[in-house]
Amino acid sequence: MRRLPSVIFEIIKNRRTIRKYKSQIPPKESINRILDVPYFILKDFSIPFQLVVIQEEARNKAVNIINQTYSIARDLAVLYNIVPDDLKEWYKNFMKEFVRTLGNAPIIIIGLTDLKNNAEYNFKISWIIAQAIMIQAKSEGLDTGSITFSSKTVEEELIRDFLKMDINRWSIAFVLNCGYGDEEPIVKEIKGGIYEIY
């Protein structure tokens, strides 16, 4: 079996989800390399796919639309239960700020695919792309974090009214923040099983 190059392994190992960002906009060259990522995956796994990068005033408009859903606050509230007691007050304040600003990342990346036809396959490939984008961003010295929400109305408003795309053809597969992180994420213990079969 071929080994993953050590530099890639280190990037994967050290990448963390970031929820708070500096306002500094990353270099255009770095963003362009991130935008190239889907091309290399879609060569082998062809699906309907569009990548949209949003920044500056457009980013604020997108945040205002996404903020209409309560599901972001709900999901963060669930995580409150696993935060250590001495950090709970900090986490409450952090949660309010994130829900309001979505972390203030200077760039939002939206991946869209067809989730009405061949939905499961298209969604899986889209998230392979999302993971590859996050790894490439880390290699560029940038941080990322996913924004998950579950509201058909908000999704339709984003696609139809904001992105001006056909809601009968496109669905949101993922939404990612991207920029320079402005926090040290809480280190979580990783638990998992390794099985050896002979």
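Which helix is isoleucine 12 found in? Select helix 1, residues 6-14, and there it is (helices are DSSP runs of H or I with at least four residues, strands are runs of E with at least two, and both are numbered from the N terminus). Before moving on: this is a predicted model, where local features need pLDDT of at least 70 and side-chain atom pairs count only at pLDDT 80 or more, while totals for chains, interfaces and linings use all residues. Residues are numbered from 1 along each chain as its sequence is written, and side-chain values use heavy atoms, leaving out hydrogens and water.

Isoleucine 12 is partly exposed at 41% relative accessible area (buried is under 20%, exposed over 50%, partly exposed in between, with a 1.4 Å probe and protein chains only).

Next, jump to aspartate 143 in strand 3 (residues 143-146). Aspartate 143 counts as buried, at 15% relative accessibility. Its side chain reaches the backbone nitrogen of glycine 181 at 2.9 Å, and a 3.3 Å polar contact joins it to the side chain of lysine 138. (A polar contact is a pair of N or O atoms within 3.5 Å; within protein, one must be able to donate a hydrogen and the other to accept it, and residues adjacent in sequence count only if both atoms are side-chain atoms.)

Now for salt bridges: a search of the whole structure finds 6, each a side-chain nitrogen of Lys or Arg within 4 Å of a carboxyl oxygen of Asp or Glu. Pick arginine 33 and glutamate 140, whose side chains meet at 2.6 Å, N to O. Arginine 33 is in helix 2 (residues 28-42) and glutamate 140 in the loop between helix 6 (119-139) and strand 3, so this pair ties together parts 107 residues apart in sequence. Glutamate 140 is buried at 16%, whereas arginine 33 is partly exposed at 41%.

Last stop, helix 5 (residues 88-101): show glutamate 89 and lysine 92, 3 residues apart, or about one helical turn. Their side chains form a salt bridge at 3.8 Å, N to O.
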